[in-house]
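Reader: I am new to this structure and would like to go through it by question and answer. Please show it before we start.

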Amino acid sequence: MAKQLHNGTTAKVFHWLIVALLIVQFPLGWFMPDIHRGMKPGDAMTFHISFGITILALIVLRFFWRHTHPVAPASSLPAWQQLISEAVHWLLYALVFATTITGWIFASEHGRSISLFFATPLPMLPIEGSLLARSIGNWHGTMEWSLFLVIGAHVAAAMAHTFIFRDRIIQRMLPEKPTVVRTKGLKPEVVVMKPARDRV
């Protein structure tokens with residue numbers, strides 16, 4: 001499959017939607033009350049799990065979109081930077097997926113009944129009381145911190161390319177600016193075609 005030179009609109013929408021939800025999700029998860037078995041879900045927990053399921057759905061869609069619409073690495077980058085960039089992107093996919101899945105497992109193992117944004121019951125995995133599920137669910141916090149650190153490195157690299165290297169790499173994920181042709185002050189030149197005279 002031929003690779004595109006730039007990310008399309010759909011890929012950019014997926015990217016920035018996930019970014020916006022993660023900006024809300026991290027503080028919501030860190031500052032909500034401690035969770036105990038048999039505890040009635042509060043608003044913060046309902047929003048946290050609802051955002052998590054939404055992010056899970058978006059990252060799966062983003063993964064399949066990237067697989068079916070691959071984008072070529074930036075040709076201006078040296079080979080080692082292209083390799084690191086590709087590895088970091090796949091690591092981000094894996095960590096977002098692992099963080100949301102372990103959160104879903106954690107909630108299901110504790111037997112909580114959660115509604116998706118207070119609108120419809122969220123299906124819980126049939127693993128309540130499972131020791132394996134409890135062990136996996138306990139990795140949720142570790143996955144959150146790992147994802148946070150990798151996102152920080154990703155943002156730092158983007159800032160370095162923007163303000164130090166000035167190679168416009170970040171433009172590959174920003175909305176495209178329309179090309180404006182300025183015509184103010186330009187006078188159109190009119191050429192009058194004169195008929196040729198007949199020669200005698």
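**Questions on the model**

Reader: In which helix is the place of I53?
Author: This is a predicted model, in which local features need pLDDT of at least 70, side-chain atom pairs count only at pLDDT 80 or more, and totals for chains, interfaces and linings use all residues. Residues are numbered from 1 along each chain as its sequence is written, and side-chain values use heavy atoms, with hydrogens and water left out. Helices (H or I, at least four residues) and strands (E, at least two) are DSSP runs, numbered from the N terminus. By that numbering, I53 has its place in helix α2.

Reader: Is I53 buried or exposed?
Author: Buried means under 20% relative accessible area, exposed over 50%, and partly exposed in between (1.4 Å probe, protein chains only). The relative accessible area of I53 is 16%, so the residue counts as buried.

Reader: Which residues does I53 touch, not counting residues up to four places away in sequence?
Author: Contact means heavy atoms within 4.5 Å. With residues up to four places away in sequence not counted, I53 touches W104, L116 and L122.

Reader: How many Å apart in space are I53 and G103, C-alpha to C-alpha?
Author: In sequence, I53 and G103 are 50 residues apart. From C-alpha to C-alpha, their distance in space is 9.1 Å.

Reader: What is the mean pLDDT of the chain?
Author: pLDDT is the predictor's confidence in each residue, from 0 to 100. In this chain 84% of the residues reach 70 or more, and the mean is 85.

Reader: How far apart are the end C-alpha atoms of helix α1?
Author: The expected span of a helix is 1.5 Å times one less than its number of residues. Helix α1 (residues 9-31) has 23 residues, so it should span 33 Å. Its end C-alpha atoms agree with this, at 34 Å apart.

Reader: Against which helices do the buried residues of α1 pack?
Author: Among the buried residues of α1 are F14, I18, L22 and F26. The buried residues of this helix pack against α2 (43-68) and α5 (140-165).

Reader: With which residues is I18 in contact, leaving aside its neighbours within four places in sequence?
Author: I18 is one of the buried residues of α1. Leaving aside neighbours within four places in sequence, I18 has contacts with I55, L58, I59 and R62.

Reader: The backbone oxygen of which residue lies 3.2 Å from a polar atom of the side chain of N7?
Author: N7 sits in the segment before α1 and counts as buried because its relative accessibility is 11%. A polar contact is a pair of N or O atoms within 3.5 Å; within protein, one must be able to donate a hydrogen and the other to accept it, and residues adjacent in sequence count only if both atoms are side-chain atoms. At 3.2 Å from a polar atom of the N7 side chain lies the backbone oxygen of R172.

Reader: What is the angle between the planes of W30 and F148?
Author: Rings of Phe, Tyr and Trp (its six-membered ring) pair if their centres lie within 6.5 Å; planes under 30 degrees apart count as stacked, over 60 as edge-to-face and the rest as tilted. The count comes to 13 aromatic pairs. W30 and F148 form an edge-to-face pair, 5.2 Å centre to centre, with an angle between the planes of 80 degrees.

Reader: How many residues apart are W30 and F148?
Author: W30 is in helix α1 and F148 in helix α5, so the pair, by the definition of helices as numbered runs, belongs to two elements. The pair links distant parts of the chain, 118 residues apart.

Reader: Where is F117 found?
Author: F117 is not a glycine, yet has a positive phi of about 55 degrees. At 34% relative accessibility, F117 counts as partly exposed. Its place is the loop between β1 and β2 (120-121).
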